[in-house]
Amino acid sequence: MDSASLRKLIVPAVVLGVVLIVVAVVYFADPAKSLPSFFPGHVSASSSEANHHHTKHGIAALVVALGCFAFPWFQTRPKTRGAESGAS
């Protein structure tokens, strides 16, 4: 992929990163019974794991969010001086 097409992915990557941060916070804050039903790890209130927090799911969402933020950071860094002037 060329750099112009990769730059089009910067905004979606940042938006996805923010969404994943919110998902991580939900996993850290809410027990399994309080998670939205479409989240992996959701269980009914009568389950034996109803009060269990899915910390590993939260950590995974946080790691992927950091990756989503790292992509735009590397795409928007300034070009090196050698690449701008051609050959030196």
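**A chat about the helical chain**

Author: Let's start with His-54: leaving aside its neighbours within four places in sequence, this residue is in contact with Tyr-27, Ala-32, Leu-35 and Gly-41. Keep in mind that the model is predicted.

Reader: OK. Where is the place of His-54?

Author: His-54 lies in the loop between α2 and α3, the latter being residues 55-75.

Reader: And does His-54 count as buried or exposed?

Author: Buried. His-54 has 12% relative accessibility, and the cut-off for buried is under 20%, so His-54 falls in that class.

Reader: You listed Tyr-27 as a partner. What else is Tyr-27 in contact with?

Author: Apart from neighbours within four places in sequence, Tyr-27 touches Leu-35, Phe-39, Pro-40, His-53, His-54, His-57 and Gly-58. Leu-35 is on the list for His-54 as well.

Reader: Which residues make up the largest nonpolar core?

Author: There are six: Val-23, Ala-24, Tyr-27, Leu-35, Phe-39 and Ala-61. Helix α2, residues 10-29, gives the largest share of this core, with three residues.

Reader: Stepping back, how many helices and strands are there in the chain?

Author: Four helices and zero strands. Along the sequence the pattern reads α-α-α-α.

Reader: What does the chain span along its principal axes?

Author: The C-alpha trace spans about 70 × 20 × 15 Å.

Reader: How much of the chain counts as buried?

Author: Of the 88 residues, 22%. The chain exposes about 6,200 Å², and carbon and sulfur atoms supply 67% of that area.

Reader: What share of the contacts comes from residues 24 or more positions apart?

Author: Such pairs account for 53% of the contacts with a separation of 6 or more.

Reader: Where is the place of Val-14, then?

Author: In helix α2. Val-14 counts as partly exposed, at 33% relative accessibility.

Reader: And which residues is Val-14 in contact with?

Author: Phe-69 and Pro-72, leaving aside its neighbours within four places in sequence.

Reader: Last topic: charges. How far apart are the mean positions of the positive and negative ones?

Author: They are 8 Å apart, with 7 positive and 4 negative charges in the chain.

How values were computed
Residues numbered from 1 in each chain as written. Predicted model: local features only at pLDDT ≥ 70, side-chain atom pairs only at ≥ 80, totals over all residues. Heavy atoms only, no water. Helix = DSSP H or I, 4+ residues; strand = E, 2+ residues; numbered from the N terminus. Buried < 20%, exposed > 50% of the residue type's maximum accessible area, 1.4 Å probe, protein only. Contact = heavy atoms within 4.5 Å. Areas by Shrake-Rupley, 256 points an atom, 1.4 Å probe, with all protein chains shown as cover. Lys, Arg positive; Asp, Glu negative; His and termini not counted. Charge placed at Lys NZ, Arg CZ, Asp CG, Glu CD. Core = buried A, V, L, I, M, F, W, Y, C linked by side-chain atoms within 4.5 Å.
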